[in-house]
There are 2 protein chains.
Amino acid sequence: MQEKYEKFLKKIAEINDLGYAQELLMWDQETYLPPKGTQMRARVQGTLSGLIHEDLTSPEFVALVQELKEAQLPGDQGLNVKEIDKSQQRAMKIPRDLVVELSDTQSQAYKAWVEARQKSDFSLFCPWLKKILELKKRVAYLVGFEGSIYNAFFKAYEEDTTVEEIIPVFENLRQSLVPFIEKIVSSNKVMTNGFVKEEYPVDKQEIFNRRVLKDMGFDLDAGRLDIAVHPFCAGFTKYDVRLTTRYENEVWPEPLLSTLHEGGHGLYEQGLPEEGIGTPIGQSMSPGVHESQSRLWENLVGRSKEFWYHYLPIAKEYFGDKLKNIDVEKLYEAINQVRPSLIRVESDEVTYNLHILIRFELEREMMEGKIQVEDLPKLWNERMKKYLGVVPSSDATGVLQDVHWSFGLIAYFPTYTIGNLYSAQFFHQAEKDIPDLKSKISQGDLLVLRKWLLEKIHSRGKRLTPKGLIQEVTGEPLKADYFVQYLKDKFSPIYGI
Amino acid sequence: MQEKYEKFLKKIAEINDLGYAQELLMWDQETYLPPKGTQMRARVQGTLSGLIHEDLTSPEFVALVQELKEAQLPGDQGLNVKEIDKSQQRAMKIPRDLVVELSDTQSQAYKAWVEARQKSDFSLFCPWLKKILELKKRVAYLVGFEGSIYNAFFKAYEEDTTVEEIIPVFENLRQSLVPFIEKIVSSNKVMTNGFVKEEYPVDKQEIFNRRVLKDMGFDLDAGRLDIAVHPFCAGFTKYDVRLTTRYENEVWPEPLLSTLHEGGHGLYEQGLPEEGIGTPIGQSMSPGVHESQSRLWENLVGRSKEFWYHYLPIAKEYFGDKLKNIDVEKLYEAINQVRPSLIRVESDEVTYNLHILIRFELEREMMEGKIQVEDLPKLWNERMKKYLGVVPSSDATGVLQDVHWSFGLIAYFPTYTIGNLYSAQFFHQAEKDIPDLKSKISQGDLLVLRKWLLEKIHSRGKRLTPKGLIQEVTGEPLKADYFVQYLKDKFSPIYGI
């Protein structure tokens, strides 16, 4: 059987390496691809996707995986077989023609979305979204699901978590957030943020950002930091993890906080288990767990007073005069303003998840056939009014603001909120496990936190499910309470409520 | 048959796209890959090479190609089939095991070469070079050859040209160059070049270099200019052509001349025929023809007085004070100094090809079994003395200076000299075809030359062989005379000989 397992490893190495090439093509597309190169790039990506699908579902490989599955190999070997079997079963259920149709529809839908957003006219995107949902429903029935049809995709992201389990958690969150935001708004506190509008030289920001990444434990010999319009993290292997951030039109210290966010993703990738390189157990657990790492560093660390006790004096060395009159209190307030607003990606920690909940509800109701795509702008605006008290004046700043649906990403939005909830629950546990964590952070010791995350989360790879992980690390299932408590503890003093 | 040709196109598109991914992996490796990412990168490259080899030589595809070959399709279709048949036949003759052994040996030989050069000790590299030559000989007997065994590789580069044909051309060149260089040396003219040692800000150089590229007709929306230790050009498709140059330790205007060199390669790639994208006829003709384009722009244009009549005043706008006391005469002399030296890549236009001839002779004699690898340092130094009148004091500055042999590149060196010869022969023809070409260049009109190159060379793709091309464009076969005449016309006045 070991010989067969070796053969299995060889095949998944090939699939992994094609995936690696795809990741590089994607990274390059977002960073350095010249404009006229996009068309051929799309074709090459398509070719590699096709080859991966072929490799994964070749009858010979399927037979091998089944044989290994029956042999019930122990430990990591068994886990690797189980994961590949899962991907294989899913891939085999979707006929090649449907994959191609979905991929073609998505690339046309994306173009339609770009135009629709530009013209702020949902009707241009509506037929494409309908088509995507229709194809997605076909996929759902092919791959199968229990409970809501939404689970066909939701479970693909968060593994063992169902939408039925997550709804009460989100509902709990909503019930706490809505009145809390009302209180903040009616506090009428206006915070000064004039100072942050000044320009900070990009070259100095870059040096400063790299310094903080290094302090976090991010290894720049096994990764990079570049510039991209939409910041992201791409991990080709744990030894080549690429972060991006943006400086244009961004007010300092937002590029740093964005770097901390991507750095959180990056530490996760660099911390994956050595022995799992190129195999499923060497991968990250889920988008939700991944997002917990980025949000933890961006918000729980980067937007804390403790972080700035250490880094504001250092920032003053870099930016001198511009920060002369700034103290930690002032900076802390400036980067922690809460204001119900229209755009998700510009929203603060408190209102952010209500943006997600609206998307979560609407895409679920669309999938379940409870609402019509045509009614989406109206429903969007109604829920914005209900949850956030603001109403977009146009489709562009409303229902058309996010790219996700045009890419066929259904059930991805909730992983952002799940990530936020995880982040607070993990951090709460870290504070229990690491004596004086906050005071250590205020002395610039970020490595103590990194070490904890590495041991408890990163180095586990995909050996656990997200559900198993949160239980193991915190002794409890996922709940909204820690996140809500974190927000209350943080923002009540800021707003004097 | 058209249906079969469509099937053929689909398969070569797949092979092309894997090659595209390989090119990107290579480009990234030379520009942005973090140090710790190299190991996995090598594996991914290996996987893609294996997949390409498998795709190309799959029995089904071989049968298809044979069928199409017999059908004798007309025009481009027939040419595409012919080219793929050629690669396929060659690939099939080399067993997979030998490919792997060669690739493993090369990567170990490369490491040995790095160490040997560092320690300036040929004996550390000697056993690896022997092994490489032995494997290469096995490949040669498998793929077959006529005349010298060297043709097994030489013909793979220059297509229809044999080493027996090129020897008299090179001999002619040598007989002209050696006495000419002696004359230059004994002229004892010492040229002032102090000014070029000043530092020129890299950011300004970059802007200036991009401006010149644009003037040449290089489309920066379909390409890039980055920094790399060893400058190169990578063309993924004609719409994504990436140049690199280097600034560190380089004296201005060397980075510009290096940019012109890579820009020459780049224009060739961008000028390949639209209708041939992703197929053999859409590729460049040979390394020699490619090098002719880079050397033409670097030397015949970039090191000419005419070029600087236009660009020195512009350079003064960029670099101001530093160029205050420089006129075209002075700059022209500074960038056209001839001095027999030890290092090929630092050598001037006149001595450069003697460096190549030494490598050409030695690698041919090694392949033909006429000399022993152990004797290489001694033979190297003897020929340096004989051709250039200088002798390296160490292996590092002698026989170990080039990476090529450690990569298993045999018969690649002569393509550099062939490129130089082509460049002068093409330029001579361009001057006949374009009235007042030099005066147009002195007015900054580079596009007139680009247009000529595009029409005569670039847009032909691989529809001709190099031999057919030079005959068609210049009405004559390749000869050394034009290059020798160009050197004499240029350097006799400079050295007053």
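1. R303(B) and its salt bridge. In this predicted model, R303(B) is buried because its relative accessible area is 10%, under the 20% limit. Its partner in a salt bridge is E254(B), with the closest N and O atoms 3.5 Å apart. E254(B) belongs to helix 10 (residues 254-270) of chain B, while R303(B) sits in the loop between helix 11 (287-301) and helix 12 (305-319) of that chain, so the bridge ties together parts that are 49 residues apart in sequence. E254(B), with a relative accessible area of 28%, is partly exposed.

2. The pair E165(B) and K467(B). A salt bridge also joins the side chains of E165(B) and K467(B), at 2.6 Å from N to O. Because E165(B) lies in helix 8 (residues 163-186) of chain B and K467(B) in helix 19 (residues 466-474) of chain B, this pair ties together parts that are 302 residues apart in sequence. E165(B) counts as partly exposed, at 34% relative accessibility. K467(B) is likewise partly exposed, with a relative accessible area of 37%.

3. The pair K456(B) and D433(B). Here the closest N and O atoms of the salt bridge are 4.0 Å apart, and the cut-off for a salt bridge is 4 Å. The pair links distant parts of the chain, with K456(B) in helix 18 (residues 447-456) of chain B and D433(B) in helix 16 (residues 413-433) of chain B, 23 residues apart. K456(B) is partly exposed at 26% relative accessibility, and D433(B) is partly exposed with a relative accessible area of 34%. Over all chains, a search of the whole structure finds 83 salt bridges.

4. Extent of the interface. Chain B and chain A each bring 36 residues to their contact. About 3,000 Å² is buried between the two chains, and carbon and sulfur atoms give 63% of this area. On the side of chain B, the residues that lose the most area to chain A are D17(B), Y32(B) and K36(B), which together account for 19% of what that side buries.

5. Polar features and composition of the interface. Between chain B and chain A the count is 8 salt bridges. Across the interface there are 16 residue pairs in polar contact, with both residues at pLDDT 80 or more. Two or more residues on the side of chain B that touches chain A come from each of helix 1 (2-31), helix 2, strand 1 (223-227), strand 2 (233-237) and strand 3 (240-245) of chain B. Helix 1 of chain B gives the most to that side, with 11 residues. By type, the residues of the side of chain B that touches chain A are 20 nonpolar, 5 polar and 11 charged.

6. R41(B) and the charged residues around it. R41(B) is part of helix 2 (residues 38-57) of chain B. Is R41(B) buried or exposed? R41(B) counts as buried, because its relative accessibility is 0%. Leaving aside neighbours within four places in sequence, R41(B) contacts residues of chain A, namely Y20(A), L24(A), F236(A), D240(A) and R242(A), and also L25(B), D28(B), Q29(B) and L33(B). Two of these contacts, R242(A) and D28(B), meet through their side chains in a salt bridge of 2.7 Å, N to O. A network of salt bridges links D28(A), R41(A), D240(B) and R242(B).

7. Strand 1 of chain A. This strand (residues 223-227) is largely enclosed by the rest of the structure, because 4 of its 5 residues are buried. Strand 1 of chain A pairs with strand 3 (residues 240-245) of chain A in the parallel sense, over 5 bridges.

8. Q401(A) in its loop. Q401(A) is placed in the loop between helix 15 (376-388) and helix 16 (413-433) of chain A. At 8% relative accessibility, Q401(A) counts as buried. Residues touching Q401(A), not counting those up to four places away in sequence, include W113(A), R117(A), R359(A), W380(A) and D395(A). A polar atom of the Q401(A) side chain lies 3.0 Å from the backbone oxygen of L342(A). The backbone oxygen of T397(A) lies 3.4 Å from a polar atom of that side chain. Q401(A) and V345(A), 56 residues apart in sequence, are 9.3 Å apart in space, C-alpha to C-alpha.

Notes:
Residues numbered from 1 in each chain as written. Chains lettered and ligands numbered in written order. Predicted model: local features only at pLDDT ≥ 70, side-chain atom pairs only at ≥ 80, totals over all residues. Heavy atoms only, no water. Buried < 20%, exposed > 50% of the residue type's maximum accessible area, 1.4 Å probe, protein only. Contact = heavy atoms within 4.5 Å. Buried area = accessible area lost by both parts, 1.4 Å probe. Polar contact = N/O pair within 3.5 Å; in protein donor to acceptor, adjacent residues only side chain to side chain. Nonpolar A, V, L, I, M, F, W, Y, C, P; charged D, E, K, R; others polar. Pairing = 2+ DSSP bridges.
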